[in-house]
Amino acid sequence: MNMRTLFALLALLPIYAHAAADCPVHPKEEWASEDTLKKALADEGYTIKKFKVDGNCYEIYGRNKDGKKVEIYFDTKTLAIIKAEGIKD
């Protein structure tokens, strides 16, 4: 599955408010590059305010291409979206 498909799926995810995501555990040497995820998000029109590692997830806080605040958790190996939350302004 490519990044464009993953982001298309993001639009279909329900919006939840709270609790960290339950990402699968992968050895650190198998993690995808943070820069790869940041570039893919930027290419899709996202702006990242904060990028961090949360347990076994990459987590971003930022805005989507429509300017809405989002919090998204990604699998560190596949970069699949594990959980996405809309944040009220």
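A disulfide is a pair of cysteine sulfur atoms within 2.5 Å. Keep in mind that what you see is a predicted model. Searching the whole structure turns up 1 disulfide, and it joins Cys-23 to Cys-57, with an S to S distance of 1.8 Å. This pair ties together distant parts of the chain, 34 residues apart: Cys-23 sits in the loop between helix 1 (3-10) and helix 2, while Cys-57 belongs to strand 2. The link of Cys-23 and Cys-57 is right-handed, with 110 degrees about the S-S bond.

| Residue | Relative accessibility |
|---|---|
| Cys-23 | 7% |
| Cys-57 | 1% |
| Asn-64 | 18% |

Asn-64 counts as buried because its 18% relative accessibility falls under the 20% cut-off. You'll find Asn-64 in the loop between strand 2 (57-63) and strand 3 (69-75). A polar atom of the Asn-64 side chain lies 2.9 Å from the backbone nitrogen of Asp-66. Leaving out residues up to four places away in sequence, Asn-64 touches Gly-45, Tyr-46 and Val-70.

Gly-45 also follows helix 2, and its phi is positive, near 95 degrees.

Which residues of helix 2 (residues 34-43) are buried? They are Leu-37, Ala-40 and Leu-41. These cover an arc of only 100 degrees around the axis, so they end up on the same side of helix 2. On the other side, Asp-35, Lys-39 and Asp-43 are exposed.

How values were computed: Residues numbered from 1 in each chain as written. Predicted model: local features only at pLDDT ≥ 70, side-chain atom pairs only at ≥ 80, totals over all residues. Heavy atoms only, no water. Helix = DSSP H or I, 4+ residues; strand = E, 2+ residues; numbered from the N terminus. Buried < 20%, exposed > 50% of the residue type's maximum accessible area, 1.4 Å probe, protein only. Polar contact = N/O pair within 3.5 Å; in protein donor to acceptor, adjacent residues only side chain to side chain. Contact = heavy atoms within 4.5 Å. Arc of directions from axis to C-beta.
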